Amino acid sequence: MDQTPINLLEIRDLRKTFSVAGGLFSRPLTLTALENINFSIRKGETLGIVGESGCGKSTLGRCILQLLSPDEGQVLWLGQDLTKLPAEEMRKRRADLQIIFQDPLASLNPRMTVGEIIADPLRTLRPELNKEQRRGRVLKIMEAVGLLPEMINRYPHEFSGGQAQRIGIARALITEPKLIVCDEPVSALDVSIQAQILNLLSELKDEFGLTLIFISHNLSVVRHVSDRILVLYLGRIVELATGDEIYDGPRHPYTRALLTAVPIPDPRLARQRNIDALKGEIPSPINPPSGCTFRTRCRFAKPYCAEHRPPLETIEDNRLVACHRWREIEVPEEAVLGV
Amino acid sequence: MKQVLHVEDMSVTFALHNSEVHAVREMNFSLAQGETLAVVGESGSGKSQAFLAIMGLLAKNGRAGGRAMMEDINLIGMEPNQLDKHRGKDIAMIFQDPMTSLNPTLKIKTQLGEVLVKHRGFERDKAVQAATEMLERVGIPEPAKRANAYPHELSGGMRQRVMIAMALLCQPKILIADEPTTALDVTVQAQMLDLFKSLTEDFGTALVLITHDLGVVAGVADRMMVMYGGRAVEKGTTDDLFYDPHHPYTLGLLHSTPHIAKRAERLDPIQGLPPSLENLPKGCSFNPRCAFAFDRCLVERPPLAPTENGREKACHYEGPMAYGKVA
Amino acid sequence: MAGITGKDAVLTEYANRLETLDAPKGRSLTQDAVRRLVRNKAAVLSVFVVGFIILFAFVGPYLLPWTYDKIDWNNIRQGPDFEAGHFAGTDQNGRDMLARIMQGTQMSLIVAGVATLVSVFIGVIYGAVAGYFGGKVDAVMMRFVDIMYALPYILFVIILVVIFGRNPVLLFVGIGCLEWLTMARIVRGQTLSIKEREFVEAAKAGGAKPWTIIMRHIVPNLTGPVVIYATLTVPEIILTESFLSYLGLGVQEPQTSLGTLISFGSPVAETLPWMLIGPAVVLVTLLLCLTYIGDGLRDALDPKDR
């Protein structure tokens, strides 16, 4: 790709906690949603973020966009820390950073027409545009995302999920952003529509020179769209590598379990492969296990894992993994998918 | 194999204000003991409504026609109190969101025990004991402790297991699972699918798996029925449909599903949107989205007809189907 | 038309070209609701009846030979008498009952309308602000509401009467200022759930300021509960007005209201039944119809609830 990769966004030591109301007389509990998050995104790449529910992937997306303010750490946008930016400055920055949501209908104001919804960010971020100019841009974007111009005066409830998602994408694109956080953009859609939206996103990415953060629980989808994949478990990064690296040789036992649990639309493969079934369920983030948070479900866990938190190590070129035992765990390729 | 369910010419219609919507038409299939049938389709294909009709759970304005024979009993059009003798006992259904089917104010053991008391005449103590055993069999750790819990104290995966345990208590011949894993995480989904597989093997339960996810189907189903616009468009074994789909819609679905092992640059999705049931296209309802449609498809609806090896499809097109780049 | 950049000129032209292209108007939620309301026969009938009552109250007086305060010395305490033009009889002072019912209805409607509007206006903004900002702002604002709730409103009414004198409209602006408490609570609750919806987050991501979010994204989505609660407030205020007038705090003679008329009619119901029946029929019809309209609106705006 680029000769000198530019870091568009850099996340440093990000931490986010929520306080959960305890009982009437007990102290509020602290839920650590994200901890020790460090990574960067190069211009033009797609970074996938995968993890199961409650792993903090949506929280991370919102912290990047400053829709939630992190407790600690920096979100550096072209070197500028967004967390320290005054509200008015940040508002202007929002033109550069946009978001697409999971539930396409819930993300559209039911009382506004499609045209109004798409133009909404322009009213605040490009106040110099007049009504006709806004409308012109709206129609242009609608065309780009595959909506017919005659839909401009319709209301969201008249659309199916796939079309509603196109409206959401159009709204995100209208400010000509550099980075879009896609928060599970296809998981609420029908299969055939999912594929259309995934293709649309990759076309738009090329056309508008976008950088994407693609958040999903579905590893197949993430692998399909992403250059690099970040795996989160209980609010911590467990692995960060390119899609091929993750697929060919996951280093972290959790990544490996995720990979083998992904449903494969291929009956013979599905019958052959050994699912590296995880025991139990995700522990509560209010009271995470000591040491390595994954140890309670890990079949490679040793007593040592309970005492020390594994650091996020850089291995090979630019791969990151947080596991004490990654060197010892053999990765026979056929064990992963049974192929 | 013994047939446990035989559905003939079933239809489901909903009365709207001044019109009628046909959610399911001309549905025919049979289900053998211990077999897993996957019913695949997108939203609005009628896949869920068909089975809600069999369970007698249609909305008030819905009406079912045709026959659904469980041995010599027709489940369609049966009086609700008659149906209650079979529902839960011979045929059970679980849903995507287990929380909606569990009473939040009752302990798990009470809810499970009730089923046994009602259908199998167990005494309360015995029922609770049997219920706890069943919880263990569906892979719930510390079943005695969980049995004492309320539904909200369990995680999503646990609740779905409880639902399955509840459904299995009376050892039904047929278990209908409507998107049972859609709300669950992948690792939990894998556990559930594993559980389904062992259920059909150990109990001989016939499983109907209603889903939109072909990845889920591939792992567990023996046979598949693909639905579109309220009708079955293709039927056959899972392997046949995956490796040699005959209907363009089945092919399109396969090409729309991202595959972790084969990373294509682009997916080859089906164009357009699923039709609304109120306004189905003339001729073959798939024709506006079909890459192989020709003039006949626009006027004449293809019937679901047998082809080879016990397969059936509803399509006029007979030629080879080269599809995009990934064919 | 000159765009700021050349690009905008091109795009504007593109938009104008498309302008000629027919972009059909969509069905807004309100239109949908109206359509559903129209299907509800009881509600439609009620709308017509209320419309008729409004006409009756505001146009009726011009068609009568007697005004509400004119005394007919020849016909005191008379039953309905078509020749003298007293279609609903006269009261103890010889004033035409029909004219008085019309005037009373007029007063009750104005009072109810004004108080409801005031309470909606204050309640919606107060509730939406408290709900949207949440946290400490919410806590302080809602504690204030709780305190207001705890104070006896009769006390306020007396204070208001002292301040404004016995001007009925101002009095009911005042009552509206008290009625908003419940509205504010309802709106706050709704706002708490609406602000979690993704479109509000999308608006934030689009750089919208809090006030814009409240006015453009939250308030329009409150229409359902607000309209429903407002239709229920109208009868409540009519009843409050009756009660206050009964206590002598409301409307002043010779002006009257439905409540006043009924309070004068009830002691003499056995001897002069027309003094009670007329206003009672109007009041009961009005309240019934408003309830039906409220129900109809609830079903129309919230079809899932049925």
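How many residues does the contact take from chain C and from chain A? Chain C contributes 33 residues and chain A contributes 37 residues, where two residues are in contact if their C-beta atoms, placed from the backbone, lie within 7 Å. The model is predicted: local features need pLDDT of at least 70, side-chain atom pairs count only at pLDDT 80 or more, and totals for chains, interfaces and linings use all residues. Residues are numbered from 1 along each chain as its sequence is written, while chains are lettered from A and ligands numbered from 1 in the order in which they are written.

On the side of chain C that touches chain A, α1 (6-20), α9 (198-205) and α10 (210-218) of chain C each supply at least two residues. Helices here are DSSP runs (H or I, at least four residues), numbered from the N terminus. With seven residues, α9(C) gives the most to that side.

Two pairs of chains are in contact, and chains A and B share the most contacts. Chain B and chain C are joined by no contact; their closest C-alpha atoms lie 10 Å apart.

Within chain B, the domain assignment (automatic or from a database) gives two domains.

| Domain of chain B | Residue range |
|---|---|
| domain 1 | residues 3-90 + 172-313 |
| domain 2 | residues 100-168 |

The centres of these two domains, taken over C-alpha atoms, are separated by 29 Å. Their contact takes 13 residues from domain 1 of chain B and 10 residues from domain 2 of chain B. Helix α8 (residues 186-203) of chain B gives the most to the domain 1 side, with six residues.
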